[in-house]
Amino acid sequence: MKKKVLEALVEGSYTNGELDAEKVEEIAANLRRKTLKIYINALKIRERKRTVFVKVAKKLSEEKTQELQSLFPEKKLSL
């Protein structure tokens, strides 16, 4: 699978910035096993790039969570 085609499939899997399960299932149903593995791996990489992992000793207040979210507006927070 060519890189541009793979990127287009991964980009097409998102609706309003969120991964759309229905689109993923539709795309996955039309791929062979080898290309499906490549596609799933590309989705995982994309999700890792979109997520910021924060480790803290105790639960953060809503104010601190909002402050962190403002630092990374395009990313999802994983506490």
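A few ground rules come first. Residues are numbered from 1 along each chain as its sequence is written, and side-chain values use heavy atoms, with hydrogens and water left out. Since the model is predicted, local features need pLDDT of at least 70 and side-chain atom pairs count only at pLDDT 80 or more, while totals for chains, interfaces and linings use all residues.

Across the whole structure, three salt bridges turn up (a side-chain nitrogen of Lys or Arg within 4 Å of a carboxyl oxygen of Asp or Glu). One of them joins Glu-11 and Arg-46, with N and O 3.1 Å apart. Glu-11 belongs to helix H1 (residues 3-12) and Arg-46 to helix H3, so this contact ties together parts that are 35 residues apart in sequence. Helices (H or I, at least four residues) and strands (E, at least two) are DSSP runs, numbered from the N terminus. Glu-11 is partly exposed at 47% relative accessibility, and Arg-46 is partly exposed at 26%. (Buried means under 20% relative accessible area, exposed over 50%, and partly exposed in between, with a 1.4 Å probe and protein chains only.)

Arg-46 has another contact to show: it lies over the face of Tyr-14, at 4.7 Å from the ring centre. For a charge to sit over a ring, NZ of Lys or CZ of Arg must be within 6 Å of the ring centre and within 35 degrees of the ring normal.

Next comes Glu-47, which is buried at 18% relative accessible area. Its salt bridge with Arg-50 has the closest N and O atoms 3.2 Å apart. Lys-76 sits in strand S4 (residues 76-78) and Glu-47 in helix H3, so the pair ties together parts that are 29 residues apart in sequence. Lys-76 itself is partly exposed, at 31%. Through shared partners, Glu-47, Arg-50 and Lys-76 end up in one salt-bridge network.

Helix H3 (residues 33-50) also holds Ile-38, a partly exposed residue with a relative accessible area of 34%. Together with Met-1 and Val-5, Ile-38 forms a nonpolar surface patch with about 240 Å² of accessible area. Patches are made of residues with over 30% relative accessible area and no salt bridge; like charges are joined within 9 Å, and nonpolar side chains (Val, Leu, Ile, Met, Phe, Trp, Tyr) within 5 Å. The areas come from the Shrake-Rupley method with a 1.4 Å probe, and for residues only the protein chains shown count as cover.
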